[in-house]
Amino acid sequence: MKIRFLLIGTSLSLIPQTINAQCVATQDCATLGYTETSCSGGSGVKCPFGNWWACFKSDSEIKDQLCTELGFTQTCTETGYTGVGKACNGKYTKCTCTTGYVWKDNKCQQLNGAQGELYYCNGKVTGVKASGMNFYVAMQDLGTCNWNTANSLCQSYIFCNSITGKLPTKDQLITLYNKKSQINTLLSTNNGSQLRDNWHWSSSYVDSHTYYMVNISSGSSTWGGINLYYYTRPILTSW
């Protein structure tokens, strides 16, 4: 009997003790994913434990996310920018600079000053020159006037900010005649007016009352009194 009782006692001592555990649901809305104070149009689910919401994404937001994941991240809507290739939800993979702007310091900036055949002021072409020329000619002529007015207008003609022009010499006007075809092409493609096939005043003089003029139609030159009226086109010789 004693041995039997001992065995029963031993077997009971080997049964592990059980621990009662109770599952408790968290009441933290943020942990459960309810992070918005409201949803646009009420499109969402409200947290049962507080005034927080889990909002559904709109079709536009889903599309924008997909486009971003594909690399379409550039808006290219700033002044001077244009998108390269096709857009995805209004964004591009790459931007490029429009005419009158250049990529500098990781952004598109307005062109200023001499850029090869073109002279710029705040992104706008204000002068052109053909190959081999060492001066720029203004985009527009100043009409017809006497020599004193022509000289004054050219010296006050603004190419950019404080950079002003001058009346061309006889030789410079002859250069314009020789390069007329190239000059007129550059003028036309940059919203300028063609060189007039007529007489133009120069700064070259015979005396204080007589100055040379050149006919851009033929390249011929002559001189005349300062009170005569001829066409005037400013040039820029330093920049």
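**Largest pocket.** I looked up the lining of the largest pocket in this predicted model and found Lys 124, Val 125, Thr 126, Met 139, Gln 140, Tyr 157, Ile 158, Thr 189, Asn 190 and Asn 191. A pocket here is an open set of points on a 1 Å grid over the protein atoms alone, where a 1.4 Å probe fits, with protein on both sides within 12 Å along at least five of seven lines; lining residues have an atom within 4 Å of a point. I noted a volume of about 180 Å³, taken as the space filled by probe spheres set on the points, which are joined across faces, edges and corners. By class I have four nonpolar, five polar and one charged residues in the lining; Ala, Val, Leu, Ile, Met, Phe, Trp, Tyr, Cys and Pro count as nonpolar, Asp, Glu, Lys and Arg as charged, the others, Gly among them, as polar. Strand β9 (residues 124-128) gives the most, three residues.

**Conventions.** I number residues from 1 along each chain as its sequence is written, and side-chain values use heavy atoms, with hydrogens and water left out. Local features need pLDDT of at least 70 and side-chain atom pairs count only at pLDDT 80 or more, while totals for chains, interfaces and linings use all residues. Helices (H or I, at least four residues) and strands (E, at least two) are DSSP runs numbered from the N terminus.

**Sheet with β9.** I traced an open sheet of five strands, order β7-β8-β9-β10-β18, paired antiparallel; pairing requires at least two DSSP bridges. β7 (113-115) and β18 are at the edges with a single partner strand each, so one side of each has no neighbour in the sheet. Two bridges join β9 to β10, and I find Val 128 opposite Val 137 in β10.

**Hairpins.** I checked β5 (residues 101-104) against β6 (residues 107-110): they pair antiparallel over four bridges, with Tyr 101 bridged to Gln 110. Two residues lie between these strands, and Asp 105 in the turn has a positive phi of about 55 degrees. For β15 (residues 210-215) and β16 (residues 221-225) I have five bridges, also antiparallel, with Trp 223 as the partner of Tyr 212. Five residues separate these strands, and Gly 219 has a positive phi near 85 degrees.

**Helix α4.** In α4 (residues 170-178) I list Gln 172, Leu 173 and Leu 176 as buried (under 20% relative accessible area, 1.4 Å probe, protein chains only; exposed is over 50%, partly exposed in between). They are on the same side of α4 because they cover an arc of only 100 degrees around the axis, taken from the directions from the helix axis to the C-beta atoms. I find exposed Asp 171 and Asn 178 on the face turned away from the buried side.
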